[in-house]
Amino acid sequence: MKFLITGGAGFIGSNFCHYFYNENDDFVVFDALTYAGNKNNLRELLEKPNFKFIHGNICDEKMVDELFKIEKFDCVINFAAESNVESSMNNPQIFIDSNITGVRVLLDACKKYNVKRFHQISTDEVYGELLDNESQFYEESSLKPNNVYSVTKAAADMLVLNYHKIFGLNVTISRCSNNFGKYQHYEKFIPKTIRHILNDENVPVHGDGLNVRDWIYVLDHCRAIDLILKNGVSGEVYNVGCHNERTNLEIAQLILKLMGFSSNKIQFIDDRITNDKRYSMNYDKIAKELGYEPKYEFEKCLKDTIEWYEGQLWRQ
């Protein structure tokens, strides 16, 4: 088979490429290399004869069409997205372009060139904020996004499902909780915390730090995507989580502890305009239907992640 992995030089995309790569299939990574994408994340794979990188943007309709025409993909996995919540409120157009228009361009190309499978990487943020009377998000939960980023991701999900319903396109969607691991850009909470500590700076925590997220090691997410690609049902959405709910404050305190510092380096800063209080994913569906269960232990993987960032040139 030939796979197109859009956004494959980014955090989750590059981890998936390393996880999913094999010598029997062909792989093409298509990435715009924005600030969050780094071709070096794929350095070892780029030496493989069946692995190719192409620099381009999924919003470039002409380039995407030519790419699909030449390469004749069997499966498209879309990681490409703008994902910074605060940036989405300051510059919404680039999020609309990448997260909605770009997805539409890919779907049209899949339809035109009879691609056998399209998988969309979504997010738990499309569900919005869990209310006090709600325990978890289910695939049937209403979509109530609270910022421009999550609005565009929810719109993309609806577009993907519409192409399945109207055109019969073979599609699946995965909605995952907060990922962590190597290759993640420093704008995200865990690498940002590590970077501040390495630079001997205070660790900024928004608001009171009591916002709750379900943290999952990125390779567990990659395993879930693999299972969906192999056995997922067309037109279905699958939640992916880890049952590892922790507050931002707990995460910051744990990282400080693992790096040999006390919690007095935490500095509370003004909260974001929209900062959902709690996310929690119910992943019974993918567990029962596809056999998914998270296998990576959180604290060990967090230690490994810290060590990886310590090995990078983060002090510059």
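**Strand pairing and helix packing in the predicted model**

Asparagine 78 stands opposite glutamine 120 in strand 5, where strands (E, at least two residues) and helices (H or I, at least four residues) are DSSP runs numbered from the N terminus. The structure is a predicted model, in which local features need pLDDT of at least 70 and side-chain atom pairs count only at pLDDT 80 or more, whereas totals for chains, interfaces and linings use all residues. Residues are numbered from 1 along each chain as its sequence is written, and side-chain values use heavy atoms, with hydrogens and water left out.

Strand 4 (residues 75–78) runs parallel to strand 5 and is joined to it by four bridges, two strands being taken as paired if DSSP finds at least two bridges between them. Strand 5 is also joined to strand 6 (residues 171–176), by six bridges and again in parallel, and within this pairing the bridge partner of isoleucine 121 is serine 174 in strand 6. In a regular strand the side chains alternate between the two faces of the sheet. Strand 5 (residues 117–123) is mostly covered, seven of its seven residues being buried, that is, under 20% relative accessible area with a 1.4 Å probe and protein chains only (exposed is over 50%, partly exposed in between). Arg117, His119, Ile121 and Thr123 are buried on one side of this strand, and Phe118, Gln120 and Ser122 on the other.

A further, open sheet consists of three strands in the order 7-9-11, with mixed pairing. Strand 7 (178–180) and strand 11 (245–247) each have a single partner strand and stand at the edges, so one side of each is left without a neighbour in the sheet. The twist averages 50 degrees from one strand to the next. Strand 7 and strand 9 (residues 212–217) run parallel and are joined by three bridges, with tyrosine 217 in strand 9 as the bridge partner of phenylalanine 180.

Helix 10 (residues 298–310) lies across strand 7, strand 9 and strand 11, at about 55 degrees to strand 7; axes are lines fitted to C-alpha atoms, for helices over the stretch in contact, and angles run from 0 to 180 degrees between N-to-C directions. Helix 6 (residues 189–198) packs with helix 10 at an angle of about 55 degrees, their axes lying 10 Å apart. The two helices, helix 6 and helix 10, are therefore oblique to each other, since angles under 35 degrees count as roughly parallel, over 145 as roughly antiparallel, 65 to 115 as roughly perpendicular and the rest as oblique. In contact (heavy atoms within 4.5 Å), Ile190, Pro191, Ile194 and Leu198 of helix 6 meet Leu302, Thr305, Ile306, Tyr309 and Glu310 of helix 10.
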